[in-house]
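Keep the structure in view while reading.

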Amino acid sequence: NYLLGVGRADCTGPVAEIPLMGYANPDQVGGGLLTRLYSRAFIVADLVDSRRVVFVSADIGMVSQRVRLEVLKKLKSKYGNLYRQDNVILSGTHTHSGPGGYFQYTLFWITSKGLIRPSLNAIVNGIVKSIDIAHQNMKRGRLFINRGTVENSQINRSPFSYLENPASERSRYSSNTDKEMVILKMVDRNGEELGLISWFAVHPVSMNNTNHLVNSDNMGYASYLFEQEKNKGMLPGEGSFVAAFASSNLGDVSPNTKGPFCVNTGESCNNPQSTCPVGGATMCMAMGPGSDMFDSTRIIGQNIYLKAKELYEKASQEVKGPLSSAHQWVNMSDVSVELNATHTVKTCKPALGYSFAAGTIDGVGAFNFTQGSVEGDPFWDGIRDQLLGEPSNETKACHKPKPILFSTGEMTRPHPWHPDIVDVQIAAIGSLAIVAVPGEFTTMSGRRLREAVKREFDSHGAARMDVVIAGLCNVYTHYITTYEEYQAQRYEAASTIYGPHTLSAYIQLYRGLAKAIATDTVQDLPHGPEPPLFNVGNLTLVPALTADRTPANKTFGDVLQEVRQQYQAREVAEVTFVGANPRSSAENATEHNFLMVERYTRTSDSWHVVRNDASWDTRFYWTKGLFGRSNVTIEWHIPPGTEPGIYRIRYLGHYKKKLSITHSVSIPFEGTSSAFEITIL
């Protein structure tokens, strides 16, 4: 038996004008909200001693070092030594539709327009709040584990790289992706359901890089369905049951199951370069199973949810045993790896290869670079040398056969471009070992890592451990391919920043952690070099918040385009208001709700909220006009089975008003549509 606590808190941040983090497309800037982003925290504590393990899965692209260091600082000031770098795992779901700007390393500033404090603060505060809620609601309970296969939800997006792995290794697996889902079920001692964590490897990129609505993608939709099911009668974001769908070794795994096609001609571009006869690589895009990206998100999310629900209901294998956690900081640009008794190799200073700029079939790059580039290009090399400096011969040699586009490890202005100091971490809850990895391991890299960790546990008497990989934890270091996949230099390999022996180095390090846990010698592990915390101001290219204004003879919240009087299920109720910049709201309240759909109740002559801005079937669009004016359009995609009756849509915002040159205030306002009727078909 353990003490268990679960918590969920909003971490959405500003939903307008902030670049979305994931596709590295500077044009993909937030312009509204489809679903809210949440941090979900789970605490397991030993009844006997003070040992604890915290696992957090947040609906963000990845956990950055900046986020982690700030979270740990806040936890220390609140809880002293209870929650520390070794027993707190922070994992990102890897949605590509959340606000960016929460990084301290310079490379990430380029596409997210610098360090954006409101965005960083929303994530840090949301994570800490979710841990606070879990901490305050600890109760005695039990854990159960289960595993099963998820079908029709993923493809390998670099199958030609996967084929570089030895045939003898590939023959041990039935698929070029990991189809297994592992779930952890939490109940209190009265059998009351507390929560679920699922680990499954797929990219949350069902929403593509044309999307401007902040949302949590397919994994977030699975969480949404599970929580709506368990917190009956509650609005999204409310209720005590918490369901996290966490990332795993998703490096080369796409949810766009129809595969890659040329957008212009419709023919397949499933070739080693992912390139089209007309238009080259920029035309090659993978398609999901749905009629559009919203539909694909729904289909993939629902598949994942249904499997998790089935595994949750049938989970009977109880997790028991002591808790322990091991953590080290490692300088990943300088690790010596013993491949065998005679052969030692080294990792490299970080660098990105040419194919990094190509992007993937889930989101292509801007300049028609192709994947699988093993040679540089004099034109781009020349520009790079002028702007950023030429890579040293040592770095070039270390990374071979990768042609270096950005030698980030040798770029230090205004701050280093990439991390050297990286977290490696394992937390063990009885027979479950959670391997927290700082990036995106490919399918085969993840299999090798899990196997090595399991073997290490076995050889030190900790047999039958369930080893899961939690992805995108603690600090972001891009991708980790196998040595063989690295030779093909597709996107994932070009983004394996510490060179061809990155995976071997991690396997060596995680084996060391597993051994320390199995032999109870964690206290003897060296802490390693502490990561830097750069003194970064609010350095950003995001436009400053100006005063909001209205058209002549209008006030904020006035209706510009009214709803119709009648709708049926499957239709879209739509209303446009005189709006204000949503950032004015985000900077005011951590959990500002922008909209409500309300249903009229005759008996009590009152309106009841049936949807909010976190609901999957509502969409909040913000359109910026000239001179501080803007419009807000709210859509409600009325689902089948909606109760007939009288409804209305409300918009809640804040407008920024200048009082003087230095002072401005945010003033709340609201707008309401006319009432409309939903009739039965």
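How much space lies in the largest pocket? The answer is about 1100 Å³. The model is predicted, so to speak of local features pLDDT must be at least 70, side-chain atom pairs count only at pLDDT 80 or more, and totals for chains, interfaces and linings use all residues. Residues are numbered from 1 along each chain as its sequence is written, and side-chain values use heavy atoms, without hydrogens and water.

A pocket is found on a 1 Å grid over the protein atoms alone, as an open set of points where a 1.4 Å probe fits, with protein on both sides within 12 Å along at least five of seven lines; a lining residue has an atom within 4 Å of a point. Points are joined across faces, edges and corners, and the volume is the space filled by probe spheres set on them.

The largest pocket is lined by 41 residues, and Ala24, Thr111, Phe356, Ala357 and Phe406 are the closest to its centre. Helix α8 gives the most to this lining, five residues; helices (H or I, at least four residues) are DSSP runs numbered from the N terminus. The lining holds 25 nonpolar, twelve polar and four charged residues, where Ala, Val, Leu, Ile, Met, Phe, Trp, Tyr, Cys and Pro are nonpolar, Asp, Glu, Lys and Arg charged, and the others, including Gly, polar.

The second largest pocket holds about 930 Å³ of space. Among its 35 lining residues, Arg611, Trp616, Asp617, His637 and Pro639 are the closest to the centre. Because domain 1 (2-319) and domain 2 (558-679) both contribute to its lining, this pocket lies between them; the bounds come from an automatic or database domain assignment.

Methods. Helices (H or I, at least four residues) and strands (E, at least two) are DSSP runs, numbered from the N terminus.
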